[in-house]
Amino acid sequence: MANTNIRDLRVFEFNRALSYVSEILEIKRKDVKLRKEKNELSDERNQWYHELNLNYLSYTRDEISDIGAFQKSIKERIAEIDKEREDLKEYEKELKKLVEKVVEFVMCGGTLDLTKEEIQESFVEEYIYILTEIKLQDDDLTNVLISDLFEHKSDLILVLYDVYGREQKELISAIEDEDALDGSFEGYFL
């Protein structure tokens, strides 16, 4: 009976960590959007700069002033994006440390061996993140193994297939062939 309670606690804590992983994934997606916005703004600012340099004489003083103000506002937004990305990265780093500690606790007794019934479809991406990005403190930093986390890796494959169908064929193949995933989370989902 005591072992069941300890295992239940480990599964409960692991499931709690999945919500932290969800936050990490939101941060990653927001960072991708911010990076894209920054690149677009930088391109636009450069285009205005080149346009102004090529056709300087065709603009009035007021138009030049307006273009300068517009370029300044773009530069300020880029600075805001950089600050926001920096803050997000810091928060992501802290969350990742927290998830690593929880996963280490959960795995300290060996394997977790989630059964098919315990695998939650709504956390498929979070499972893959843990398998690809979370490192355990052993002799060296090692990835969490599929065989340590799931009772049968086929259960994870079936859930992945149910959620994504053939869309994640490369990931499903990687899980079939290996006990550890070589790819990064971004390579599969972002």
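**Burial and surface patches**

Tutor: The model is predicted.

Student: Why is D177 called exposed?

Tutor: The relative accessible area of D177 is 59%. Exposed means over 50%, so D177 is exposed.

Student: Which residues gather with D177 in a patch of negative charge?

Tutor: On the surface, E176, E178 and D182 gather with D177 in that patch.

Student: What makes F12 partly exposed?

Tutor: F12, a residue of helix α1 (residues 2–54), has a relative accessible area of 48%. Buried requires under 20% and exposed over 50%; F12 falls in between and is therefore partly exposed.

Student: Of which surface patch is F12 a part?

Tutor: F12 forms a nonpolar patch with L9 and F105, and together they have about 290 Å² of accessible area.

Student: How do you know whether K28 is buried or exposed?

Tutor: K28 also has its place in helix α1. Its relative accessibility is 11%, and the limit for buried is under 20%, so K28 counts as buried.

Student: Which residues is K28 in contact with, leaving aside neighbours within four places in sequence?

Tutor: These contacts are E92, Y129, E186 and L190. Y129 is itself one of the buried residues of α3.

Terms used: Residues numbered from 1 in each chain as written. Predicted model: local features only at pLDDT ≥ 70, side-chain atom pairs only at ≥ 80, totals over all residues. Heavy atoms only, no water. Patch = residues over 30% accessible without salt bridge, like charges linked within 9 Å, V, L, I, M, F, W, Y side chains within 5 Å. Areas by Shrake-Rupley, 256 points an atom, 1.4 Å probe, with all protein chains shown as cover. Salt bridge = Lys/Arg side-chain N within 4 Å of Asp/Glu carboxyl O. Lys, Arg positive; Asp, Glu negative; His and termini not counted. Charge placed at Lys NZ, Arg CZ, Asp CG, Glu CD. Buried < 20%, exposed > 50% of the residue type's maximum accessible area, 1.4 Å probe, protein only. Helix = DSSP H or I, 4+ residues; strand = E, 2+ residues; numbered from the N terminus. Contact = heavy atoms within 4.5 Å.
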